[in-house]
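Here is a quick walk through a fold, written for someone who likes to check geometry by hand. Have the viewer open and follow along.

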Amino acid sequence: MFPLDLGGGLVLHPARTADADELFSLVDADRQRLREWLPWVDGTATADTVRTFLAGVEASSERRNGIHTVVRLDGRAAGVADLTFDGLDNGHVGYWLAARALGRGVMTRVVAELIDLGFGVAELHRIELQAPTGNHRSRAVAERLGMTFEGVRRQAERLPSGFVDLAVYSVLASEWAGASTVLAAYGTGERRNR
């Protein structure tokens with residue numbers, strides 16, 4: 001299945017402990033922006049912290065509890081995206097992206113691919129994406145992909161700035177037209193051939 005070439009220099013690779021130094025450098029270089037929306041940034045003080053996290057990700061992948069990827073753009077790491085399974089036919093998308101990759105439709109294309117994999121390979125029924133209500137970029141990903149806004153979980157996540165509300169979006173397998181169709185409708189860029 002991996003690596004997955006999504007076109008235009010965008011490739012998904014399985015997340016591995018060997019990626020720790022490169023991913024830590026990305027987090028460290030973009031720490032102030034990332035900590036605005038991600039609760040784990042302040043606790044990511046060294047590459048060893050990332051390595052420990054990635055060891056858990058590798059174990060989760062081996063147990064088939066999710067799909068965990070490093071997003072590479074033009075051969076360099078640009079972020080992380082995953083689809084975790086709850087064991088009850090449901091999945092949850094999570095991601096972060098380096099500043100240099102923003103505004104290029106990268107995460108919209110990546111999340112569309114993860115949804116395809118979730119409904120296809122993993123045979124999930126429902127996939128959810130949650131984002132702080134003020135994180136307009138993440139919310140726009142869900143909206144561009146036609147996910148349904150279900151509501152707000154009040155003060156559901158603690159960030160360095162305090163508790164924030166989370167906007168909840170979902171899509172059901174029966175509603176998903178496929179990444180190629182959805183991306184073409186929104187003009188979000190290239191799509192790999194199947």
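What follows goes from the ground rules to the sheet, the helices, the aromatic pairs and a few loop residues.

## Ground rules

This is a predicted model, so local features need pLDDT of at least 70 and side-chain atom pairs count only at pLDDT 80 or more, while totals for chains, interfaces and linings use all residues. Residues are numbered from 1 along each chain as its sequence is written, and side-chain values use heavy atoms, with hydrogens and water left out.

Helices (H or I, at least four residues) and strands (E, at least two) are DSSP runs, numbered from the N terminus.

## The sheet

Start with the sheet: eight strands make an open one, in the order E1-E2-E3-E4-E5-E6-E8-E7, with mixed pairing. Two strands pair here if DSSP finds at least two bridges between them. E1 and E7 sit at the edges with a single partner strand each, so one side of each has no neighbour in the sheet. From one strand to the next, the twist averages 25°; axes are lines fitted to C-alpha atoms (for helices over the stretch in contact), and angles run from 0 to 180 degrees between N-to-C directions.

At the E1 end, strand E1 (residues 4–7) and strand E2 (residues 10–14) run antiparallel and are joined by three bridges. Leu-4 stands opposite Leu-12 in E2. The two strands form a hairpin with two residues between them, and Gly-8 in the turn has a positive phi of about 65°. E2 also runs antiparallel to E3, with five bridges joining them, and here Leu-10 stands opposite Leu-73 in E3.

Contact means heavy atoms within 4.5 Å. Helix H4 (residues 106–120) lies across E1, E2, E3, E4, E5, strand E6 (126–132) and E8, and runs at about 35° to E4.

## A closer look at H3

H3 has 16 residues and reaches 22 Å from its first C-alpha to its last, close to the 22 Å expected at 1.5 Å a residue. That expected span is 1.5 Å times one less than the number of residues.

Which residues of H3 are buried? They are Ala-47, Val-50, Leu-54, Val-57, Glu-58 and Ser-60, where buried means under 20% relative accessible area, exposed over 50% and partly exposed in between (1.4 Å probe, protein chains only). Seen down the axis of H3, these buried residues fall within an arc of 160°, so they line one face of the helix; the arc is that of the directions from the helix axis to the C-beta atoms. What covers them includes helix H1 (20–29) and strand E3 (66–73). On the other side of H3, Thr-52 and Glu-62 are exposed.

## Two aromatic pairs

A search of the whole structure turns up two aromatic pairs. For the rings of Trp-40 and Trp-96, the centres are 5.9 Å apart and the planes at 55°, so the pair is tilted. Rings of Phe, Tyr and Trp (its six-membered ring) pair if their centres lie within 6.5 Å; planes under 30 degrees apart count as stacked, over 60 as edge-to-face and the rest as tilted. This pair links distant parts of the chain, 56 residues apart: Trp-40 is in the loop between helix H2 (31–35) and helix H3 (47–62), and Trp-96 is in strand E5 (residues 90–97). Trp-40 is partly exposed at 33% relative accessibility, whereas Trp-96 is buried at 9%.

The rings of Phe-149 and Tyr-169 have centres 5.4 Å apart and planes at 55°, so this pair is tilted. Phe-149 lies in strand E7 (residues 148–159) and Tyr-169 in strand E8 (residues 162–172), so the pair ties together parts 20 residues apart in sequence. Phe-149 counts as partly exposed at 41% relative accessibility, and Tyr-169 counts as buried at 1%.

## Loop residues to check

Pro-39 lies in the loop between H2 and H3 and is partly exposed, with a relative accessible area of 39%. Leaving aside neighbours within four places in sequence, Pro-39 is in contact with Glu-157, Arg-158 and Leu-159.

Where does Arg-64 lie? Arg-64 is in the loop between H3 and E3, and has a positive phi of about 60° although it is not a glycine. At 69% relative accessibility, Arg-64 counts as exposed. Glu-123, in the loop between H4 and E6, is a residue other than glycine with a positive phi, near 55°. Glu-123 counts as exposed at 62% relative accessibility.
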